[in-house]
Amino acid sequence: MAHPITSPPPPAPNWVRTHWSTLQPQLKTAKVPPPPELPTRSTFQNWFDTHLITLVTLLKTHTPLRRPSVRAKPLSSPLLSTLRKEFHTSSLKAQPSTNPQDRAVAKLSRQGYFKSIKAAKAPHWKSFLADATPRTIWTAKWFAVGRVTLRFPNLPDATSPEELNKALLLHFFPPRPLPFVPSILRPYKEVDPLLPSDISAALRRFSSSSAPGPDIISYSVWQRVHLVASHILTDLLVPFLKFCYHPVSIKKANGIVLDKPGKPSYDSPTSFRVIVLLHTVSKILERVITSHLSVVARSLKLVHHNQCGCLTSLTLFDAALSLVDTVRTLQRPELRVSTLFLDIKGGFDNVNASILCSSLKNAGVPHYIVSWIGSFLSQRTCRLLFQGSPKSFAPVQVGTPQAPLYPRCSLLSIWHHST
């Protein structure tokens with residue numbers, strides 16, 4: 001099994017230092033031509049991949065690489081770098097030498113270096129706590145307590161990384177029927193227009209600190225691109241709705257395997273869970289489709305009238321207020337009140353795509369949304385990431401992939417209401 005220190009991750013773009021001053025003029029002049037009039041799945045895929053790769057290459061060309069190091073520390077300074085070099089040089093010189101003076105110099109260099117590290121830690125820790133936010137306070141806890149070492153999947157029937165990867169894939173993504181996707185893509189006439197404002201609204205809901213998928217492009221980059229040249233993402237995503245097809249290249253996902261705390265044994269796949277990270281471009285389009293689906297679902301009464309989460313203008317706060325009001329109303333005449341909360345285990349993973357598409361079509365949902373959902377849920381691939389994993393993409397069959405919570409909950413609510 002590969003150790004993370006001996007095989008560090010490859011250099012990734014440092015999007016914080018992107019040279020936007022030289023990139024903006026090129027983005028404004030960039031053009032995305034329309035796809036063929038009657039494309040097949042392969043020609044549509046080639047059209048999308050060509051222009052997406054061109055755009056990503058342009059972004060990476062103006063972005064320096066981040067070179068991660070397993071020993072990098074946030075309190076590093078030029079003084080510590082100089083002391084570290086002196087410490088290493090004197091130590092190497094003192095090892096083969098019999099001169100007591102060389103060993104004394106090495107000892108003094110070592111003491112001075114580690115004393116400087118200790119002296120730099122105190123002000124850095126104070127400044128970190130002074131600037132802590134609700135998000136970074138958990139990082140402070142990790143610094144103080146220490147992070148628990150991740151458990152390694154140790155299945156009795158898997159003797160190699162490939163067998164372990166296959167066993168986890170079968171557990172997390174069991175086979176299930178998939179919806180039919182036509183080979184010839186025909187344009188739909190009654191399609192709600194996709195405007196730059198729709199993409200802007202979708203991008204505003206994403207956090208700049210969210211982890212990206214295989215494309216390693218953060219949402220802050222797409223927000224800046226759309227702000228500079230709104231026509232690029234619009235021209236790139238409009239054909240998705242027109243032909244109701246989701247390209248295979250952005251159906252790839254990274255599956256981070258994590259252990260469930262408190263399990264008595266970790267020799268079964270049920271003791272682990274997977275967090276799936278999708279392509280950021282795919283998730284942007286999902287947000288747009290979800291906004292369309294939310295409006296249609298409420299107009300056709302496909303969502304329960306008590307549904308609060310994952311709907312526009314209705315949040316968990318509204319559900320909490322409604323619950324408190326109901327409880328207090330029943331307590332005034334001195335009645336006893338009980339509340340029952342249910343958690344649907346594996347609900348997202350067990351959605352049948354074929355039944356979902358059939359239910360949406362019978363309920364009157366526009367055909368272009370149903371066709372896109374069928375294309376979105378089919379031909380997906382995933383790459384499980386754990387210590388020693390093969391890191392190869394494998395075909396998987398999912399219910400609804402772990403996209404943003406909003407689209408998954410919307411589909412699941414419609415699924416439960418319709419079945």
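Trainee: Which residue in β5 stands opposite Lys252?

Mentor: Thr381 stands opposite Lys252. Before we go on, please remember that this is a predicted model, in which local features need pLDDT of at least 70 and side-chain atom pairs count only at pLDDT 80 or more, while totals for chains, interfaces and linings use all residues. Residues are numbered from 1 along each chain as its sequence is written, and side-chain values use heavy atoms, with hydrogens and water left out.

Trainee: How do you know that β3 and β5 pair, and in which sense?

Mentor: Two strands pair if DSSP finds at least two bridges between them. There are five bridges between β3 and β5, so they pair, and the sense is parallel.

Trainee: What makes a stretch of chain a strand or a helix?

Mentor: Both are DSSP runs, numbered from the N terminus: helices are H or I with at least four residues, and strands are E with at least two. By that rule the protein has 14 helices and six strands.

Trainee: How do β3 and β4 pair?

Mentor: They are antiparallel, over seven bridges. Asp259 stands opposite Phe272 in β4, and Gly255 has Val276 of β4 as its bridge partner.

Trainee: Which strands make up the open sheet, and in what order?

Mentor: The order is β4-β3-β5-β6, four strands with mixed pairing. At the edges are β4 (272-278) and β6 (394-396), each of which pairs on one side only. Strand β5 (residues 380-385) pairs with β6 in the antiparallel sense over three bridges, and Arg380 stands opposite Val396 there.

Trainee: Why is β3 called largely enclosed?

Mentor: A residue is buried if its relative accessible area is under 20%, exposed if over 50%, and partly exposed in between, with a 1.4 Å probe and protein chains only. Six of the eight residues of β3 are buried, so the rest of the structure largely encloses this strand. In β4, five of the seven residues are buried.

Trainee: Why is the pair of Phe44 and Tyr245 called edge-to-face?

Mentor: Rings of Phe, Tyr and Trp (its six-membered ring) pair if their centres lie within 6.5 Å; planes under 30 degrees apart count as stacked, over 60 as edge-to-face and the rest as tilted. The centres of Phe44 and Tyr245 are 5.7 Å apart and the planes stand at 90 degrees, so the pair is edge-to-face. This pair links parts of the chain 201 residues apart: Phe44 is in helix α2 (residues 41-61), and Tyr245 is in the loop between α9 (230-243) and β3 (252-259).

Trainee: Are Phe44 and Tyr245 buried or exposed, and how do you know?

Mentor: Phe44 has a relative accessible area of 0%, so it is buried. Tyr245 has 2%, so Tyr245 is buried as well.

Trainee: What makes Trp372 and Phe376 a stacked pair?

Mentor: Their centres are 4.9 Å apart, within the limit, and the 15 degrees between the planes is under 30, so the pair is stacked. Being four residues apart in helix α13 (residues 367-376), they are separated by about one helical turn.

Trainee: What makes a nonpolar core, and how many residues has the largest one?

Mentor: A nonpolar core is a set of buried Ala, Val, Leu, Ile, Met, Phe, Trp, Tyr and Cys residues joined through side-chain atoms within 4.5 Å. The largest has 59 residues, and Leu27, Trp222 and Ile373 have the most contacts inside it. A second, separate core of 20 residues includes Leu164, Val274, Cys382 and Val398.

Trainee: Why is His226 called buried, and what does it touch?

Mentor: His226 has a relative accessible area of 6%, which is under 20%, so it is buried. It lies in helix α8. Contact means heavy atoms within 4.5 Å, and, leaving aside neighbours within four places in sequence, His226 is in contact with residues including Pro196, Ile199 and Leu233.
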